[in-house]
Structures are given as C-alpha cells and as structure tokens.
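Let's take a walk through a protein model together, one stop at a time.

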Amino acid sequence: MYQDVLEHFAMQSPIILYSLTQAKKFSKICEVGVGPGLAARMFISSIMKKGAFYFCSDLSDEMIKGFYDNFQSCDSALNPRNKLEMIEDFETIDTNKHIKEMGDEIEKKLFLVKANNEKLPYPDECFDLYLSSLSLHLVDNYMNQLEEAYRVLEIGGVAGFTVPGRLENCTNLNFVPSVLQSLGHELPASSNKPATHLSDKGNIYKDFRKVEFNIVKMYYTETNHTSENVTEMVDVIIKSPIFSNILDNLTEEQKSEFYDELDLQWTLKFGPQTTETLKLDILVVIATK
C-alpha cells in the first residue's frame, strides 16, 4: 500500500513535467532521479517521438534494477524499434558513440545510467531537454545539480524541475505532525533538511538566475491521492520514512490515543463525507538556457 501511494505521487509529478516542457518536441533528452520508471515507461510509449534518444539515470542500484526489470516486461520492450541499453562502469559517457552503435533502425534509443545528479557523466551541451522530478530537494548540494543541468543543456535547451511546495498545502507531510502536536507532543528532532526547503519561489528564482538560466517560469500546483480505507491510509503515512520515528518516544497508552486521534481527524478531513484528498503541493520550475 505504501509503495502504491509513493508511485501515485511519483507518477503525477513527471507527467506534469512532460506536459509543461512539451517533451514530445525534443530529440535529446536527459532525465535524472528516474526511480523505477513508472512514468518513464508511459513517456517512452506515448510521448517520446521517433528518432529521439533518452538518457535516464538514478543513483540507487535498487531503482536502476527496478527500472530495467520493469521495462523488460512492458509493451515498449516488445517493439523491436525500441531498445534499452544499461551503461555500466564508466567515468564519462560518449553519448554520440552509444547512439551511433545502437543503429539507425532503432527509432527510440534508451539508455539507463547510474549517476549522481550533482556530477553527471555526460559531455557539455549534449541534450535539448533535462527533467528532474522530485529529486532536486534530496541531493547534498542542489546548486551542484542546477549547474550540471545547465552544463549538459545546449543553448536554447529546456530544463523542467519539480520540488515539494508549500508545507501548509502538503497534507501528506503535515497531517501526522499536526495530530501529534494537537495532543501536546513535540515533533521528533531531525537532522535532515525539510522536504519543502526549496519551496520559496523568490529564493529558487535567484538560484536559477545565478546559474545563468535565461528564462525561468514557475508555479505551484497540487498532486492528489484518494483512499476509502482510513486505517490503511493512516498506516501508510506512519510507515513512510519521514515519520518512521514519530512514535519512538510515546508510551503504549499515548500511541493508542495517537492512533485514535489520527483516525478521527482523517475521517473529519478526508473521509467519505468530505471533498478533500491527501495532497502534495509541488513547485514546478521550467527554465531555458
């Protein structure tokens, strides 16, 4: 159930980017933090134009394996004019070499790479579209990622990013803490940066201009998830990495009280008699080099 919810939110965000960047027009595409490739498979089959090449990457071995295995069982893999190559053991990648070696008969050339968003293995100015869905806020130094996005894009190329938006509009992030605080408990201390630390439009605009992107457009939007099963949905939230330690300092009696209040507040805010859904506010940034 938890994985289903993650995939639901993860699917909506890249679809927004594919649409707003008009990805169907581009031929030289780079996507970072691609994950297990649920949205990417839809992009390959329905949006990516013939004759284009697509380099997608992730830093996680688990995500790379998931992407590769999932692609092998999807409809796109059955088309002999689509080909996915996994590129391993490298320091730099000669993109032109790999594209040429795949042959002219392949209409959609796909390459899967393990790579850090902050230091990509690609040559300068080799892509006309760069996509990063819900990954910029996770890296150690997001300015490094912005500089890499700028470097690998050709002049006139487009970069699309999404990051978590305004915390007050992210009910998937603030619902559990609000219930905990309503019962008089303090939130557990965290050494991690908050998920919404890049949500301020003014600050992020300055960062994109500092990297010298020429045109920067941005706006907030929402992704949503509905569930009819209150117990399962509450359990999903509690098991997420963000809240996995939230009950550590509570007694069994306090935990019971906490779950009862979660159930009540969920029903009042998101139950069948309401119009509200669990949502993640995201900030979309479309920048041109």
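Is Cys126 buried or exposed? With a relative accessibility of 10%, Cys126 counts as buried, because the cut-off for that label is under 20%. Keep in mind, as we go on, that this is a predicted model.

Cys30 takes part in no disulfide, and its nearest cysteine sulfur, the one in Cys126, sits 7.3 Å away. A disulfide, after all, is a covalent bond between the sulfur atoms of two cysteines. Cys30 is buried as well, with a relative accessible area of 0%.

Now look for strand β4, which covers residues 108-114. Six of its seven residues are buried, so strand β4 is mostly covered.

Next, hop over to helix α7, residues 171-182. Its twelve residues, at 1.5 Å a residue, should span 16 Å, and the C-alpha atoms at its ends are 15 Å apart, so the two values agree. Helix α7 is mostly covered, with nine of its twelve residues buried. Among the buried ones are Leu173, Phe175, Val176 and Leu180, but also Thr171 and Asn172. Just after α7 comes Gly184, with a positive phi of about 85 degrees.

What about the inside? In soluble globular proteins, nonpolar side chains tend to be buried together. In this model, the largest nonpolar core has 39 residues, and those with the most contacts inside it include Phe55, Tyr122, Phe127 and Phe161. Helix α6 (residues 142-152) gives the most to this core, with six residues. Apart from that core lies another, of 33 residues, including Ile29, Ile44, Leu173 and Val284. Zoom in on Phe161 and, leaving aside residues up to four places away in sequence, you'll find it touching Leu17, Tyr130, Leu146 and Phe208, among others.

Loops deserve a visit too. Ser135 lies in the loop between β5 (127-133) and α6, yet it counts as buried, at 6% relative accessibility. Not counting residues up to four places away in sequence, Ser135 touches Val32, Gly33, Asn117, Gln145 and Thr162.

Finally, a bit about backbone angles. Most residues other than glycine have a negative phi. Glu125, in the loop between β4 and β5, isn't a glycine but has a positive phi of about 50 degrees. Glu125 is partly exposed, with a relative accessible area of 44%. Glu212 also has a positive phi, near 85 degrees, without being a glycine. You'll find Glu212 in the loop between α8 (201-210) and β7 (215-225), where it counts as exposed at 54% relative accessibility.

How values were computed:
Residues are numbered from 1 along each chain as its sequence is written. This is a predicted model: local features need pLDDT of at least 70, side-chain atom pairs count only at pLDDT 80 or more; totals for chains, interfaces and linings use all residues. Side-chain values use heavy atoms; hydrogens and water are left out. Buried means under 20% relative accessible area, exposed over 50%, partly exposed in between (1.4 Å probe, protein chains only). Helices (H or I, at least four residues) and strands (E, at least two) are DSSP runs, numbered from the N terminus. The expected span of a helix is 1.5 Å times one less than its number of residues. A disulfide is a pair of cysteine sulfur atoms within 2.5 Å. A nonpolar core is a set of buried Ala, Val, Leu, Ile, Met, Phe, Trp, Tyr and Cys residues joined through side-chain atoms within 4.5 Å. Contact means heavy atoms within 4.5 Å.
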